[in-house]
Each structure stands twice: as C-alpha cells, then as structure tokens.
Amino acid sequence: MSSPIDFDTTTLFVAGRWRAAAGGATLPLANPSDGRELARIARGSAADVDAAVAAAQAALDGPWGRLTAAERGRVLTAMGRRVLERVDELARLEALDVGKPLRQGRADAVALARYLEFYGGAADKVHGQTIPYLDGYTALTLREPHGVTGHIVPWNYPMQIIGRSVGAALAMGNACVLKPAEEACLTALAFARIAEEAGLPAGALNLVPGLGEEAGAALSAHPGVQHLSFTGSVATGRLVQAAAARNTIPVTLELGGKSPQIVFADADLDAALPFLVNAGIQNAGQTCSAASRLLVERPVFEAVLARLGERYRALRVGPALEDLDLGPLISARQHEIVSGYLALARDDRLRIVAQGRIADAAPAGGWYVAPTLVAGLDPAHALAQQEVFGPLQVVLPFDGEADALRIANGTPYGLVAGVWTRDGDRHWRMARGLKCGQVFVNNYGAGGGVELPFGGVKQSGHGREKGFEALYGFSTLKTVAFRHG
Ligand code: NAD
C-alpha cells in the first residue's frame, strides 16, 4: 500500500504559507510500531515563532479580525466537514505517527470534526449581558477575543486536543499559533492543510513544529501572545505557567492524572467491566484521563480481580495498522519509563494479577509493552501515586465510602473519577466528595462528549476546555457603562 503521507512534512505554516524552518533544520519522526524513521518535520526556532506571532497579529488586524462571529462559525463548520471526509486518512497518519490502533485514530478524527462543528455552531452564541445599574446609566459586557493565543499540545491525542483548544479559540476570534509535539506532528500538519482548504484566512492559524525547549519555550515566553493553552506534563506546565506569569497573561493547564474508578459491592459489574479495563489500556494507557487506579470494595475485591484478570489475558498488543487492542508506546523513552515501573512492581513483590500478550509478529524495534494488572500494594506506593502513562492499572481494596474518598483523593492529581454503584444517594455523595474536574457515575468518560467541560484541580491543572466553558476561557470580558440623560 502506498504511503498515506502525500504531503511535504518538513514545512511549517505561517501567514498562510508553507515554508521550511528558518535555517532549514529538520527533526526525525519515528514510527512507534517499528522504531524506524517515518518522516522528517521542521525544527521551528524562536525566529519562526516570532514570524508566526506577527502573522497572527496581522490576521487580527486584517481580514480574520473583520469576520463576523457567524462567518467564523461557517469556516469552522467547513473545516469539520472536510475532517469527516478524511477520517480514514487521518486515522492512518495517527496510527503511523502515534502508534494508535486505527479505530482509535478514527474516533479521534471524528472527535476533531465534532469540536469543529460544535464550536462552529457556538461562535455566534456567546453573548455579553446588560447589567441593571444606577439611574442614568446603561451598563453592558462585551465578550472579546484575547488576541494571539498560543497552543502547545502533546503527542497522545493531537487531533482531539487541537480540536478542543484551537477550535474554541478560533470560534471566539483569536488568532492561533500551534506548537505540536516533536514526537507526533502529522495530523497537526494535515489539520493546517484542511484549514487552508476550508478558507480560514491567512494567519488565523499558524503552525510551528519543533522541540519543546526551542519552539515551545519561545512561544510560551513571547510578549506578543495574550493567552496560552498548554496540555502536557506537570513539569512542563510549571515552566509554561512561569513564562506566562512574566507576561502576566492567562494560561490554561491540562496536565496529568492518576484517576480512579471506584467499584462498590452493589455495582452492576457486567456493565462496569469493559469500562474498567478500556479506560486503562486505551491508547496503551497514554491518556491523561486514564483510569490507572481501580478501587474495589473489599467484599467483591477478589471476584472483581478474577474477572479483570480474564479480560487482561485476552488483550493483544501489536502494530497500529493491525488494529489490535493496544499499539506500541510512543517512544523509546516512554518504553523505558513504563518498563521501569514494571520492574519496580516485581522488585517490590507486588501481585502481578494478569498480563496481555504482545503479538508474535510485532516488529522487534517497536516500543511494545504488555498491559499489566497489579494488586497487593498500598495506596501510598509509587505505582498508586505517580502517573505511569502506560498500560498499567493498579487495583486497591477499600472499606466503605469514606475510605474510598480518602484513597481516591489521596494523590497530587485531580482530573477525573468514575463511580460504580446502584445506590442513588451514594451517587451524589461521591460526586460531591471527589476532588477532580469530572465525575462519571456508572460510566467512565461519557463517550468523550465535546459538550462536557474538562480540566483538572491540584496538579492536574486549571482552567477548562471543551463545551461552552472553553469559549469563556478563550475570551475576555469588557464592561462598558454609558451615562445618559
Ligand atoms: P510534555 O510536557 O513533555 O510535552 C507537551 C508539549 O510541551 C510538547 O509539545 C512539547 O514539545 C512541549 N514542551 C516541552 N518542553 C517545553 C518547554 N520547556 N516549554 C514549552 N513547551 C514545551 O508532555 P508529554 O510527555 O509529551 O505528554 C504527556 C503528559 O501530558 C502526561 O502527563 C499527560 O497526562 C499529559 N496530558 C494531559 C492531557 C489533559 O488534557 N489533561 C491530555 C493529554 C496529555
């Protein structure tokens, strides 16, 4: 089969033009399924970021800034339609680049289209308010774009994260500079092509691939940027927030997690089981909202463990294009990190309940890890506290609601949580007691709906993306008071 990469991957997109990075430098992009070089991408520099920010500002001062909200919405809707026409092509790019099984890549492409549809439809529906005030005054608020917004995204769900962040920012009339991850960049390049074809005015979206410490750091520190949206690790999030602080601009941080699913003894286990496992192994566990901790009430602990173990033993890992349950991890580095956690589980004599199997045909150079279910550990153990970002779930017993909340809330993170119980009062007590940004009752993820605000507390970050909340985050409020007779 011919390569799905039928475009030049070595260019960046600034002011509506595709060109090489300043100085012509490139970086290799690897295929995680075999570890070999897949393509080369532009190594954007501070000079490229300068040009991208200037292009975004020019777009705001030019045709893009003059579009009405309805016209912006129409362009986003047209982009969404084009994405839907190319779901298979985008899924193949993501499979090659991220190592993601094809059906997950398709789901991500459809989600990208949904974000563009949702924010296309919402663009002209964010209104200011009139405020009852003193006699002789009329006061009102205007929702306005921040201006130039910077978007730094990771490699694990490029399409979804670009959709929720760039989609919402464009809907509110900002002009964007997007810095994709150096590990996975192809669908970001395809997205910029789609924007261009759909008629997005030049400079409204600028794309500067490159290294985090070069292009990413330059974008976060740039004085011409008025808002930053960062999705990635806690360590980098701190650097980005510090850079934003120097320019006193707002920043949205979507960081990591150690999210629990809590299974009470009265839960409908047949309904819960697929969610319990899928939310741990999806995208080989490289998901910020992965349910990496399963908390199971003690009376059903062993029975649940046995059923989870059965499912784990049936899981198959292999090349992304084979579309098995899991693909490889993104990189040799990630493979080393996850292998280190597995070694720790063995060294500390934790209970390895079950593992999935790597397909015999998986190329030796690929970064494969067998999904692993671990029990027999204390909630304070590193495996129950730290984000592994690989297909490793730990199972912890608990005794009653208060204990479940203590364990669930007892990590530095607070992204999402799932609760499985048939007790209607407990649904509410748990939803109120969990310290995180999203709670799912008798499900996990709710199908990922673009309508549902998303984000974390504690070290999982702050600010909200998705839904209408993102539109408030990607805009600023101006109060106008008229004095009249
Ligand atoms: P990372 O922080 O290393 O990289 C993320 C992005 O930041 C990349 O584009 C990278 O180039 C850039 N970057 C790196 N150094 C930078 C710097 N000094 N200045 C500016 N930008 C820089 O994260 P990662 O390892 O690629 O991604 C995994 C992490 O992302 C996990 O912790 C995961 O939980 C988190 N994540 C969170 C969400 C969410 O929505 N909460 C979604 C996906 C991933």
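A residue is taken to be near a molecule or strand if one of its heavy atoms lies within 4 Å of it. In this predicted model, for which local features need pLDDT of at least 70 and side-chain atom pairs count only at pLDDT 80 or more, totals for chains, interfaces and linings use all residues. Residues are numbered from 1 along each chain as its sequence is written, and side-chain values use heavy atoms, with hydrogens and water left out.

The ligand is surrounded by 30 residues, of which the closest are Lys 179, Glu 182, Ser 233, Leu 255 and Glu 387. Polar contacts are pairs of N or O atoms within 3.5 Å; within protein, one atom must be able to donate a hydrogen and the other to accept it, and residues adjacent in sequence count only if both atoms are side-chain atoms. Leu 255 places a backbone N or O atom 2.6 Å from a nitrogen atom of the ligand, while an N or O atom in the side chain of Glu 387 is 2.6 Å from an oxygen atom of the ligand. A polar side-chain atom of Arg 164 is found 2.7 Å from an oxygen atom of the ligand. On its own the ligand has 860 Å² of accessible area, and the protein covers 91% of this, where accessible areas come from the Shrake-Rupley method with a 1.4 Å probe and, for residues, only the protein chains shown count as cover. With helices (H or I, at least four residues) and strands (E, at least two) taken as DSSP runs numbered from the N terminus, the elements that give two or more residues to the shell around the ligand are α6 (158-171), α8 (212-221), β10 (227-231) and α9 (234-246). The largest share of that shell, 4 residues, is supplied by α8.

Aromatic pairs were assigned where the ring centres of Phe, Tyr and Trp (its six-membered ring) lie within 6.5 Å, with planes under 30 degrees apart counted as stacked, over 60 as edge-to-face and the rest as tilted. The count under this rule is 9 aromatic pairs. Phe 118 and Phe 468 form an edge-to-face pair, because their ring centres are 5.9 Å apart and their planes stand at 85°. This pair links distant parts of the chain, since Phe 118 belongs to helix α5 (residues 102-122) and Phe 468 to helix α16 (residues 467-473), 350 residues apart. Relative accessible area is classed as buried under 20%, exposed over 50% and partly exposed in between (1.4 Å probe, protein chains only); Phe 118 is buried at 15%, whereas Phe 468 is partly exposed at 31%. An edge-to-face arrangement is also assigned to Tyr 133 and Tyr 137, whose ring centres are 5.4 Å apart with planes at 75°; Tyr 133 is exposed at 53% relative accessibility and Tyr 137 is partly exposed at 31%.

A charge is considered to sit over a ring if NZ of Lys or CZ of Arg is within 6 Å of the ring centre and within 35 degrees of the ring normal. Arg 193 lies over the face of Trp 18 at 4.0 Å from the ring centre, and the charged end of Arg 426 sits over the ring of Phe 264, 4.0 Å from its centre.

For disulfides, defined as pairs of cysteine sulfur atoms within 2.5 Å, the count is 0. Cys 185 is in no disulfide, the nearest cysteine sulfur being that of Cys 176 at 16 Å, and Cys 185 is buried, with a relative accessibility of 1%. The sulfur of Cys 288 is 13 Å from the closest cysteine sulfur, in Cys 436, and is therefore too far for a bond; Cys 288 is likewise buried, at 19%.

Individual positions elsewhere in the chain complete the description. Ser 33, in the loop between β3 (26-31) and β4 (36-42), is buried with a relative accessible area of 8%, and a polar atom of its side chain lies 3.1 Å from the backbone nitrogen of Ala 320. Leu 112, in helix α5, is buried at 3%, and its C-alpha atom is separated by 7.6 Å from that of Ile 162, 50 residues apart along the chain. Ala 15 has a positive phi of about 55° although it is not a glycine; Ala 15 is located in the loop between β1 (12-14) and β2 (17-19) and is partly exposed at 25%. Thr 248, also not a glycine, has a positive phi of about 45°, and this residue, in the loop between α9 and β11 (251-254), is exposed at 71% relative accessibility.
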